Amino acid sequence: MNCPAGNYASEVSGGATTDVEGCTPCPIGTYSVGGASIVCSPQTCPAGQYATKNAATTDIDGCTACANGTFSVGGDVTNCSIINCPDGHYATEVTGGATT
């Protein structure tokens, strides 16, 4: 089976009559370069970004910067967390994509 990038071979024995018929898109937070892959690999979004795309074709395809007031440690995370500062304090990162 030869699946397109962003997909994995979900049917590895019989059943599929064409290469693409037995292929399934990778879920958000994973990617595949295609071919005969039977699993999707975890994405490696940089810190301050999160995975947003189904059928990603590279480890950073669809990585998006976190919104202001949120952060991400990166990797295969699919959302950003809210920055909770203690009373009387504020976040010094004023642009999206804070990492801590």
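Which cysteine does a disulfide join to cysteine 66? The partner is cysteine 80, with an S to S distance of 2.0 Å. A disulfide here is a pair of cysteine sulfur atoms within 2.5 Å.

The structure is a predicted model, in which local features need pLDDT of at least 70, side-chain atom pairs count only at pLDDT 80 or more, and totals for chains, interfaces and linings use all residues. Residues are numbered from 1 along each chain as its sequence is written, and side-chain values use heavy atoms, with hydrogens and water left out.

**Overall make-up**

The protein has zero helices and eight strands. Read from the N terminus, its elements run β-β-β-β-β-β-β-β. Helices (H or I, at least four residues) and strands (E, at least two) are DSSP runs, numbered from the N terminus.

Of the 100 residues, 27% count as buried. Buried means under 20% relative accessible area, exposed means over 50%, and partly exposed lies in between (1.4 Å probe, protein chains only). The protein exposes about 5800 Å², and carbon and sulfur atoms supply 54% of that area. Accessible areas come from the Shrake-Rupley method with a 1.4 Å probe; for residues, only the protein chains shown count as cover.

Among contacts between residues at least 6 apart in sequence, 44% join residues at least 24 apart. A contact means heavy atoms within 4.5 Å.

**The disulfides**

The count of disulfides is four. With the bonded cysteines numbered in sequence order, the pairing is 1-2, 3-4, 5-6, 7-8.

| Disulfide | Torsion about the S-S bond |
|---|---|
| Cysteine 3 and cysteine 23 | about -95° |
| Cysteine 45 and cysteine 63 | about -80° |
| Cysteine 66 and cysteine 80 | about -80° |

The torsion of about -95° makes the disulfide of cysteine 3 and cysteine 23 left-handed. Cysteine 3 lies in the segment before strand 1 (7–9) and cysteine 23 in strand 2 (residues 23–25), so this pair ties together parts that are 20 residues apart in sequence. The sulfur atoms of cysteine 3 and cysteine 23 are 2.0 Å apart, and both residues are buried.

Cysteine 45 and cysteine 63 also form a disulfide, with 2.0 Å between their sulfur atoms. This pair links distant parts of the chain: cysteine 45 is in the loop between strand 4 (41–42) and strand 5, and cysteine 63 is in strand 6, 18 residues apart. Cysteine 45 and cysteine 63 are both buried, and their disulfide is left-handed.

The disulfide of cysteine 66 and cysteine 80 is left-handed as well. Cysteine 66 sits in the loop between strand 6 and strand 7 (70–71), and cysteine 80 in the loop between strand 7 and strand 8 (81–82), so the pair ties together parts that are 14 residues apart in sequence. Cysteine 66 counts as buried because its relative accessibility is 3%. Cysteine 85, at 33% relative accessibility, counts as partly exposed.

**Aspartate 61**

Aspartate 61 lies in the loop between strand 5 (49–51) and strand 6 (63–65). Its relative accessible area is 17%, so aspartate 61 is buried. The side chain of aspartate 61 makes a polar contact with the side chain of lysine 53, at 3.0 Å. A polar contact is a pair of N or O atoms within 3.5 Å; within protein, one must be able to donate a hydrogen and the other to accept it, and residues adjacent in sequence count only if both atoms are side-chain atoms. Leaving out residues up to four places away in sequence, aspartate 61 touches Gln43, Lys53, Ala55 and Ala56.
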